[in-house]
Amino acid sequence: MKGRRIAFAALAWLYLAGVVFQVFLAGVGLFGLGDWTLHAGVGWGLGSAPLLLLVFVLVARFDRRTILLAAGLAVSAVIQPELAAARHTAPIVAAFHPLNALVVFWLAWLVAQRSLELVRATPPVVEAGNVAEPGEAA
Amino acid sequence: MTTGRMSPQGDPMARALRGIGPARLLFLVGAWLFVACVVVQVVLVGLEIFARLGGSIHRDFAYVYGWLAPVLVLLAGAARLPTRTRTLTVVLLVAFAVQTVLPSLRGQFPLLAALHTVNAVAIFALAILVARRATSSIRQPAEPDAT
């Protein structure tokens, strides 16, 4: 039980670190330190990674709030590279790429915080049985 | 439907607002206004990059709302907010000041200039934290009158 939560927390914090790194790569592109190739490549990876987190929280039967946060993160992360890809056809829509980046960061942060709460809420000794723990669906 | 008027003494909202004090209320409004300005600022940079919005509206807008950061520091002190909230507000001010300098380092220290985007995210996170703490300070029950 605790192992699942620790794995979820590790994934969530790793993802948050990835988002911060991706923001740095955007700065690298903007300020001429390099081209946009790495930012674009990492972006497609980060766009699909939250789906893994969502599957994880669904399979592990986490609570409703965690599922909603993970779902929100998955949706915002999936559309993020699509927004950038729309720059030629719909530049106004593409202009929301940086704003959605903030949304992705914010949700990733909330998911990471939530994952720590779940780890901390796990009782030290778990008895066998069907008793639902805090943060998990009964 | 209630038609009667509640006296100021009996109205819980009026009592709560009186207990909050103007500095705390102004801090709350200012903190959320700052968050809104950061969001607008990020939309502006998106418009400049992707929609080729001319001029330097992203840079200019920073100087429009930047004065809020030092004002929040002063209000946090005047409102006697908890030490952690005041510290976060000072950190927000420092991060904002650094943010205005970073792009100018593009020529000499491009790696530092590239941190402009990361620092922007830090400012957003700090602004949200400060605003949420300001909201919490309002929700705390008002202290009873001394009289």
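Predicted model: local features only at pLDDT ≥ 70, side-chain atom pairs only at ≥ 80, totals over all residues.
Since I will be placing a residue between two helices, let me begin with the term itself: helices here are DSSP runs of H or I, at least four residues long, and they are numbered from the N terminus.

B:Arg52 is not a glycine, and yet its phi is positive, at about 50°. Is B:Arg52 buried or exposed? The model has 10 other C-beta atoms within 10 Å of B:Arg52, and because the cut-off for exposed is 12 or fewer, B:Arg52 counts as exposed.

Where does B:Arg80 lie? B:Arg80 sits in the loop between α4 (68-78) and α5 (83-101) of chain B. Its surroundings hold 11 C-beta neighbours inside 10 Å, so B:Arg80 is counted as exposed as well.

Stepping back to chain B as a whole, the chain has 7 helices and 0 strands, and, read from the N terminus on, its elements run α-α-α-α-α-α-α. Chain B is 147 residues long, and 30% of them count as buried. If we take the contacts in chain B between residues at least 6 apart in sequence, then 66% of these join residues that are at least 24 apart.

Now to chain A and to the interface. How many residues of chain A are in contact with chain B? The model places 22 residues of chain A in contact with 20 residues of chain B. On the side of chain A that touches chain B, the elements giving two or more residues are α1 (2-30), α4 (91-94) and α5 (97-121) of chain A, and the largest share, 7 residues, comes from α1(A). Sorted by class, this side of chain A has 18 nonpolar, 3 polar and 1 charged residues.

Finally, a word on confidence, which concerns chain A. The mean pLDDT of chain A is 88, with 88% of its residues reaching 70 or more. Among the elements of chain A, the lowest mean pLDDT, 91, belongs to helix α2 (residues 37-59) of chain A, whereas the highest, 95, belongs to helix α3 (residues 64-85) of chain A.

How values were computed:
Residues numbered from 1 in each chain as written. Chains lettered and ligands numbered in written order. pLDDT = per-residue confidence, 0-100. Contact = placed C-beta atoms within 7 Å. Nonpolar A, V, L, I, M, F, W, Y, C, P; charged D, E, K, R; others polar. Buried ≥ 20, exposed ≤ 12 C-beta atoms within 10 Å, placed from the backbone.
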